[in-house]
Amino acid sequence: MAFSLRAANLDDCKDIARMIMELAEYENLAEHVKVTQKDLEQDGFSNNPLFHGIIAEVPEQHKTKEGHTKIGYALYFHAYSSWSGRAIYMEDLYVMPEFRGKGVGKALISKVAQLGLAAGSHQLNFTVLDWNKPSVDFYLSQGCFDITTTMGYHCMRCEGEALKHLAQL
């Protein structure tokens, strides 16, 4: 199947927002999505972007029945590890269901890894839900490993009122 990858731009924010919701629905977490198209535009395409994106696109003749040619995306940002230095964090990797198993996801994660290496990163970090066995198996097959299992780390979060309370300490 023919597809191409390219850097996301401002005009992609509507489709990125759509695919973020599709991913959240797949993960049974849609009620947690608060980001809007406008947030994506401001946060990703300002003078100091907080994230970067890659779009997977198919030619018009392969568009979805809904008319979409943007069929996958990856969002990432540069980070820092106190142990190994520069790192890259992949916030999302998503491919629409009808395009899975065709190399799109592999191409997206490979591109994020290439960009990380080009920026001097020593590691690529991301999360995956424990019940998402197809994704876990895919990442393991690519040489990734589960740091919860091997190193005992858990990904923690503080948000909402708890975050405001923590900020007052």
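This is a predicted model: local features need pLDDT of at least 70, side-chain atom pairs count only at pLDDT 80 or more; totals for chains, interfaces and linings use all residues.
**A walk from strand E2 to the cysteines**

Now widen the selection to strands E1 (residues 4-7) and E2. The two run antiparallel, and 4 bridges join them. Colour E2 by itself, residues 52-57, and check how covered it is: 5 of its 6 residues are buried.

To find your bearings, go back to Ile55 and look for Tyr73, which stands opposite Ile55 in E3.

You'll find Asp12 in the loop between E1 and helix H1 (13-26). Is Asp12 buried or exposed? Its relative accessibility is 1%, so Asp12 counts as buried, the cut-off being under 20%.

Show side chains here, as Asp12 has two partners worth a click. The Asp12 side chain makes a polar contact with the side chain of Arg6, at 2.7 Å. The side chain of Asp12 also reaches the backbone nitrogen of Asn9, at 2.8 Å. If you list what Asp12 touches, leaving out residues up to four places away in sequence, you get Arg6, Ala7, Ile55 and Lys70. Arg6 and Ile55, where the tour began, are both among them.

Time to jump to strand E4, residues 85-95, and pick out Tyr89. Draw a C-alpha to C-alpha distance from Tyr89 to His78: these two are 11 residues apart in sequence and 6.1 Å apart in space. Which residues does Tyr89 touch, not counting those up to four places away in sequence? Select Leu75, Tyr76 and Phe77, then Asn125, Phe126 and Thr127.

Last stop: the cysteines. How many disulfides does the structure hold? The count is 0. Select Cys155 and you'll see that the nearest cysteine sulfur, that of Cys158, is 13 Å away. A disulfide needs the sulfurs within 2.5 Å, so Cys155 is in no disulfide. Cys158 is in no disulfide either, with the sulfur of Cys155 as its nearest, at 13 Å.

Cys155 is exposed, with a relative accessible area of 63%, while Cys158 is partly exposed at 32%.

Conventions: Residues are numbered from 1 along each chain as its sequence is written. Side-chain values use heavy atoms; hydrogens and water are left out. Contact means heavy atoms within 4.5 Å. Buried means under 20% relative accessible area, exposed over 50%, partly exposed in between (1.4 Å probe, protein chains only). Two strands pair if DSSP finds at least two bridges between them. A polar contact is a pair of N or O atoms within 3.5 Å; within protein, one must be able to donate a hydrogen and the other to accept it, and residues adjacent in sequence count only if both atoms are side-chain atoms.
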